[in-house]
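Trainee: Hi! Please take me through this one, starting wherever you like.

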Amino acid sequence: MYIILGATGHVGSAVAETLLGRGEAVTVVTRDAEKAEKFRQKGAVVAVADVHDVESLRRVFRTGTRLFLLNPPALPDTDTIEQERRSLASIIAALEGSGLQKIVGLSTYGVHDGEGVGDLGVLYEMEQKLSGTHIPFSIVRAAYYMSNWDGFLQTAESEGKIYSLYPADFALPMVAPEEIGKFAAELLTEPVERTGLYYIEGPDEYTPADVADAFAQALAKPVEVEVIPRTEWIPFLKNSGFSQKAAESMAAMTDVTLEEKYEVSDSPMRGEISIHHYVKQMLKAAVSNPAL
């Protein structure tokens, strides 16, 4: 049995879908059973558990042998670092005595030790703490999610703009969450003793200008990038619903990316989904299901 944390999100959903498509036994962990109903209909077990409840989480873990570990991202209107450290501590505690044979943990480019580096520090802690569990594990460090641009569909449609903290011509590796999930599912099914640190990117690097062009092509209308100056990052993020601390965290992570202070691989796994294809499919999904 494969246990999937974060199955209702972009990546976790792709992990679960991939494994179910292969006929594997899957348990998806959620706080809201309704959100996981599509997985139940496909044959998955739906386990309702609060990620902060160590005992209930451990009980779920004991029903399986392999775990996809995604530390749930905190809501942006909270102290995201405090919330994510709290959920991580609960998950790590629940691993003790779980009987799990293998873990695949989702991390990201840019993780490193230290304060003032936003979520990157929390994910670094996750990588380090997994080493202390003595359970075989693999880590997937993923490039910038293409889904981070999903929220700008509305502004692209209504204003002909997307907003970026990065310069319009700043190229960075991006990847579709679907491909991260598929790759993580593959790692989960490998022999227990096959572990490692893996990097995954899309087929190319993209700039915010490329993203605007992808929206323009998908919407068949002009779309441009409005770059937010560094001095305006915090006010912009707070106006977008971020708390002060969450805005500071996001600004810190953006700085790390802009200054390219992160480890990369000479031979990352390469997805096939381009930013243009991703935006086109995202728009198609939004049109077919406006509630999403």
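**A chat about the model**

Mentor: Let's start with Glu201, whose side chain makes a polar contact of 2.7 Å with the side chain of Tyr109. A polar contact here is a pair of N or O atoms within 3.5 Å; within protein, one must be able to donate a hydrogen and the other to accept it, and residues adjacent in sequence count only if both atoms are side-chain atoms. One caution: this is a predicted model, where local features need pLDDT of at least 70 and side-chain atom pairs count only at pLDDT 80 or more, while totals for chains, interfaces and linings use all residues. Residues are numbered from 1 along each chain as its sequence is written, and side-chain values use heavy atoms, with hydrogens and water left out.

Trainee: Buried or exposed, what does Glu201 count as?

Mentor: Buried, because its relative accessibility is 6%. The cut-offs are under 20% relative accessible area for buried and over 50% for exposed, with partly exposed in between (1.4 Å probe, protein chains only).

Trainee: What does Glu201 touch?

Mentor: Leaving aside residues up to four places away in sequence, its contacts include Ala143, Pro173, Met174, Val175 and Gly271. Contact means heavy atoms within 4.5 Å.

Trainee: In which sense does each pair run?

Mentor: Strand β7 (residues 144-145) pairs with β9 in the parallel sense over two bridges, and Tyr145 has Val175 as its bridge partner in β9. β9 and strand β11 (residues 205-206) pair in the antiparallel sense, also over two bridges. There, Pro173 stands opposite Glu205, and Leu172 has Tyr206 as its bridge partner.

Trainee: Switching to helices! At what angle do α1 and α7 pack?

Mentor: Helix α1 (residues 10-21) and helix α7 (residues 177-188) pack at about 50°, with axes 7 Å apart. Axes are lines fitted to C-alpha atoms, for helices over the stretch in contact, and angles run from 0 to 180 degrees between N-to-C directions. The two helices are therefore oblique to each other; angles under 35 degrees count as roughly parallel, over 145 as roughly antiparallel, 65 to 115 as roughly perpendicular and the rest as oblique.

Trainee: Left-handed or right-handed, how do α1 and α7 cross?

Mentor: The crossing of α1 and α7 is right-handed. A crossing is left-handed if the near helix is turned anticlockwise from the far one by less than a right angle, and right-handed if clockwise. Among the residues that meet are Val11, Ala14 and Thr18 in α1 and Ile180, Gly181 and Ala184 in α7.

Trainee: What about α3 and α4, how do they pack?

Mentor: Helix α3 (residues 54-61) and helix α4 (residues 80-95) pack at about 50°, with their axes 8 Å apart. The contact is made by Val54, Leu57, Arg58 and Phe61 of α3 and Ser90, Ile91, Ala93, Ala94 and Leu95 of α4. The crossing of α3 and α4 is right-handed.

Trainee: Tell me about Leu57, please. Buried or exposed?

Mentor: Leu57 is buried, with a relative accessible area of 0%. Leu57 touches Leu5, Val29 and Val51, among others. The C-alpha atoms of Leu57 and Ile91 are separated by 7.4 Å, though the two are 34 residues apart along the chain.

Trainee: Last topic: what is phi of His134?

Mentor: Phi of His134 is near 65°, a positive value in a residue other than glycine. His134 is in the loop between α5 (119-131) and β6 (137-142), and is exposed at 73% relative accessible area. Ala220 has a positive phi too, near 55°. Ala220 sits in the loop between α8 (208-219) and β12 (224-227) and is exposed, with a relative accessible area of 69%.

Methods: Pairing = 2+ DSSP bridges. Helix = DSSP H or I, 4+ residues; strand = E, 2+ residues; numbered from the N terminus.
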